[in-house]
Amino acid sequence: MHRLVFDKARYVTRLEQIEGLSEHERAVLSEVTERYAFRANSYYLGLIDWSDPADPLRRIIIPSTEELGDWGHLDASNEHAFTKAPGLEHKYEYTGLLLVNDRCGGYCRFCFRKRLFMPENTEVVRDVGPGIEYIKAHPKINNVLLTGGDALLLSTKRLDRIIGELRSIDHVQIIRLGTKMPAFNPFRVIDDPGLLEMLQRHTRDDRKIYVMTHFNHPRELTPEALEAIGLLQQAGAMTNNQTPLLRGVNDDPAVLGELFNRLSYAGVPPYYVFIGRPTKGNHHFAVPVEEAFDIFESARARCSGLAMRARLVMSHTSGKIEVVGRTRTQTFFRYHRSAEPAKKLRFMAFESNPRAFWFDDYHGAVRDFVPDTPAESFGTN
Ligand code: SF4
C-alpha cells in the first residue's frame, strides 16, 4: 500500500524550509530566489550529500549567488519568436511544442526556460485550445511535445484530455511528454495508477507515447526512479533521456558515461545531450563547446553501443546543431534540425575556438556544405 504522494515528496518553496542550509546561506541566497523561482521537494533534497558543498545534486536544485551574474539572455534561443498560437511553438516543420505548464517538481538552477517561472510570463497558457487548433490546421506536424514546465505536473485528468485531443488528430503520430518527475519525484508515477492506465489507453501498436526523461546525474537513478521508469515502460511508454552537459554536475566523462550506461540498462536510450544555452544566470554551468565535445566522446568511449546513441547538440535560434567532430584546428557541425528547411543537414567546419560557449562564437567557416539529399551529407565528414 503506497502512502500519500505528499508524505514522500513534500514541496518546499522557501529557503527557511531547507534544514541543510545555514542561516547565513539562507540570507545570502534570498536575493537569488527573489529573482529566479525556487522550488524543491523533500525526496530530492534527501538525495543531497549536505556535507559536500559541491555535491552535484545540490548544484542542480539549490540556488547559488553565481546566478546573479549578467552573462546570457533569458530567452537564449529566441523561442518566443516561434510562438504561433498561445502556448504553441512551431519551429521545425514536423514538430509542435505545447507549453502546458509553468511548474516543475523542482526548479533546476540551470533551466533555460526560467523566464516561464517569472510572474510576467505569458508564454504558458491554461487553455491549450488555440494550440490544438493550430496543430489541426497544420498537417505537417506529425509529432507534438508537451512541455513547459513539466508535463507530469499536470493532473492526470488534464493530461488525459490533452492527449485525447491530440490522439484525435490523424496526422499527429508521436506524442512526447517532457518530464523530470521520475528524477525529482518518482512517486508522481509510482502512486498514480490512473496515470499509467491513461498512458496505456492512449498507446497504440502503431502510435506510442514517448516520455522524455531528464536525468542529469547517475545518483538520480534511485530505486524509486527506476521503479517509476519501469512502470512507465509497462504502460507502453517509450522512454528516452535528455540532459544538458553541466559544469560541476556531469562534466566528468566517468560520471556522464555512468549515466549513459545505467540509463541504457534501464531501457532508456540517452537521446540528446545539450550544450547549455547561454541563459542568464547560468555561466557557472557552462562548458565550452570543444571541451564539452571531448567530455562527451570520452564518456561514450566507456559505453556499450546501446548507451552510445546520444547526440551532442546546441538548440540554437537557427536550429538544432550537432557537434559532430573536431581536430586540433577545426570543429565540425551539422544542422540536425533547422528552422529553415533549406539548411537541414548542412555541414559546417569552423576554425577551432576553445573559448566558444555557443555557435555564435564561431566565425570564419572553412567549409560550408548543403547536401542535395540527406544521403549525400553522410559522405562529408
Ligand atoms: S525540469 Fe526542465 S523545465 Fe523544469 S526547471 Fe528543470 S530544466 Fe527547467
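A polar contact is a pair of N or O atoms within 3.5 Å, where within protein one must be able to donate a hydrogen and the other to accept it.

**Confidence**
- The chain has a mean pLDDT of 92, and 95% of its residues reach 70 or more.
- Over residues 1–6, however, the pLDDT is below 50, and this stretch has 10 contacts in the model beyond near neighbours in sequence.
- The pLDDT also stays under 50 over residues 374–381, for which the model has 14 contacts beyond four places in sequence.
- Where pLDDT is low, the predicted coordinates should not be read in detail.

**Ser264**
- Ser264 belongs to helix α11, which spans residues 253–265, and counts as buried because its relative accessible area is 18%, under the cut-off of 20%.
- A polar atom of the Ser264 side chain lies 2.7 Å from the backbone oxygen of Asn261.
- Leaving aside residues up to four places away in sequence, Ser264 touches Ser304, Leu306 and Ala307.

**Ligand shell**
- The residues surrounding the ligand are Cys104, Gly106, Tyr107, Cys108, Cys111, Phe117, Gly149, Lys180 and His214, and by class this shell has 5 nonpolar, 3 polar and 1 charged residues.

**Strand β14**
- Strand β14 (residues 347–351) is mostly covered, with 4 of its 5 residues buried.
- Strand β13 (residues 330–338) runs antiparallel to β14 and is joined to it by 5 bridges, with Met348 of β14 as the bridge partner of Phe333.
- Strand β15 (residues 365–369) pairs with β14 in the antiparallel sense over 4 bridges, and Ala365 of β15 is the bridge partner of Phe350.

Definitions and conventions
Residues are numbered from 1 along each chain as its sequence is written. This is a predicted model: local features need pLDDT of at least 70, side-chain atom pairs count only at pLDDT 80 or more; totals for chains, interfaces and linings use all residues. Side-chain values use heavy atoms; hydrogens and water are left out. Helices (H or I, at least four residues) and strands (E, at least two) are DSSP runs, numbered from the N terminus. Buried means under 20% relative accessible area, exposed over 50%, partly exposed in between (1.4 Å probe, protein chains only). Contact means heavy atoms within 4.5 Å. A residue is near a molecule or strand if one of its heavy atoms lies within 4 Å of it. Ala, Val, Leu, Ile, Met, Phe, Trp, Tyr, Cys and Pro count as nonpolar, Asp, Glu, Lys and Arg as charged, and the others, Gly among them, as polar. pLDDT is the predictor's confidence in each residue, from 0 to 100. Two strands pair if DSSP finds at least two bridges between them.
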